[in-house]
Amino acid sequence: MPTKKKSIHGQTALVTGGGNGLGRALCLRLAAEGCHVAVADIDMAAAQRTAADLRKHGVKSEAFLADVGNYEQVVRLKNEVENALGPVDILVNNAGLLAIASLTEGKPSDIERIINVNLTSHFWTIRAFKPGMITRQRGHIVGIASIAAHFPVGRFIPYTVTKYGIRALMESLNSELRMDGLHETLHTTCVYPALIATRQQFMDLLDKLKYVANINKNRFYVFTPDHVADEVVKGMLINKREVFVPSILGLVCKQFENLPSGLRHLMLSTILGGKLPHFTGKP
């Protein structure tokens, strides 16, 4: 039987990395559901533009400057959001950095930055906002991971590790909520999207691979931010624990992980056209 959708009208959502790309699309989609939205981003100008656009939907929205990889800034963000918009009911951990680099490429500070923004920030925001959700007996935590959390590929090691970390964090958090008897009031959704068209670095990579590794860009699923945001919010409204975009990837991922390692490597090599060249990019 179809799951009944819940209403989030009038609730307050916080979207990290909400100024651009998928984050902005998520903000707009949540506003369409009647949510008041806190837009947090390191790019304050983009966050302000998004917040102004959201207010046109008749909801409250404010922009907040924050580096969510920094615990002190997350604590400050919590206080600023609650003073401006009230307690947060929906936390969307979307902020992330893309780095096309192997393990030994880039400076140590680059690796630390990727881990802090992509993964550690989830610890800080959940730690900051979850207690209030428990007190009010209402909350939803969304973690934006990646299909890379199921399909590990060389040349993306720091990025892939953080996405695997998000997957483990969200699974563990879901389990802990059940242990504490909170799973009926606090919900989690982990999102595994394929490629999103706003990632110009990824699109440039696919163009390079088209010639260097002799592959066709059409082998990959590439989606618009609006499409991904729509799938995320639709999944959240029925309290789905996992959302794959496209949905068929869910079945593919489960089967892929059960294959022998040699066969997995052969499949990836076939899809990618052989050995990947080095593409080093700053986060």
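**View 1. Strand S2, covered on both faces.** In this predicted model, His36, Ala38 and Ala40 lie on one side of S2 and Val37, Val39 and Asp41 on the other, and all are buried. Buried means under 20% relative accessible area, exposed over 50%, and partly exposed in between (1.4 Å probe, protein chains only). Six of the six residues of S2 are buried, so S2 is largely enclosed by the rest of the structure. In a regular strand, side chains alternate between the two faces of the sheet. Helices (H or I, at least four residues) and strands (E, at least two) are DSSP runs, numbered from the N terminus. Residues are numbered from 1 along each chain as its sequence is written, and side-chain values use heavy atoms, without hydrogens and water. Because the model is predicted, local features need pLDDT of at least 70 and side-chain atom pairs count only at pLDDT 80 or more, while totals for chains, interfaces and linings use all residues.

**View 2. The partners of S2.** S1 and S2 pair in the parallel sense over five bridges. Two strands pair if DSSP finds at least two bridges between them. Leu14 stands opposite Ala38 in S2. The chain runs from S1 through helix H1 (residues 21–32) to S2, a right-handed β-α-β crossover. Right-handed means that, with the strands pointing away from the viewer, the path from the first strand over the helix to the second runs clockwise. On to S3: S2 and S3 also pair in the parallel sense over five bridges. Here Ala40 stands opposite Phe64 in S3. S2, helix H2 (residues 44–55) and S3 form a right-handed β-α-β unit.

**View 3. The seven-stranded sheet.** The order in this open sheet is S3-S2-S1-S4-S5-S6-S9, with parallel pairing. Which strands stand at the edges? They are S3 (61–65) and S9 (242–245), each with a single partner strand, so one side of each is left without a neighbour in the sheet. On average, neighbouring strands of this sheet are turned by 15 degrees against each other, direction ignored. Axes are lines fitted to C-alpha atoms, for helices over the stretch in contact, and angles run from 0 to 180 degrees between N-to-C directions. Strands of a sheet pair through backbone hydrogen bonds, either parallel or antiparallel.

View 4. Eight of the eight residues of S6 are buried, so S6 is largely enclosed by the rest of the structure. Leu186, Thr188, Cys190 and Tyr192 cover one side, and His187, Thr189, Val191 and Pro193 the other. Cys190 has a relative accessibility of 4%. Six bridges join S5 (residues 139–144) to S6 (residues 186–193), and the two run parallel. Val142 has Thr189 in S6 as its bridge partner. S5, helix H5 (residues 157–179) and S6 make a right-handed β-α-β unit. Four bridges join S6 to S9, again running parallel. Val191 stands opposite Val243 in S9.

View 5. Helix H3 (residues 71–85) touches strand S1 (12–16), strand S2 (36–41) and S3. The direction of H3 makes about 160 degrees with that of S3. Helix H7 (residues 225–237) touches strand S4 (90–93), S5, S6 and S9. The direction of H7 makes about 155 degrees with that of S9. Contact means heavy atoms within 4.5 Å.

View 6. A cis peptide bond joins Val245 and Pro246, with omega of about 5 degrees. Pro246 lies in the loop between S9 and helix H8 (248–256). Gln137 is not a glycine, yet has a positive phi of about 55 degrees. Gln137 lies in the loop between helix H4 (108–136) and S5. Is Gln137 buried or exposed? Gln137 is exposed, with a relative accessible area of 57%. Asn239, also not a glycine, has a positive phi near 60 degrees. Asn239 is found in the loop between H7 and S9, and is partly exposed at 29% relative accessible area.
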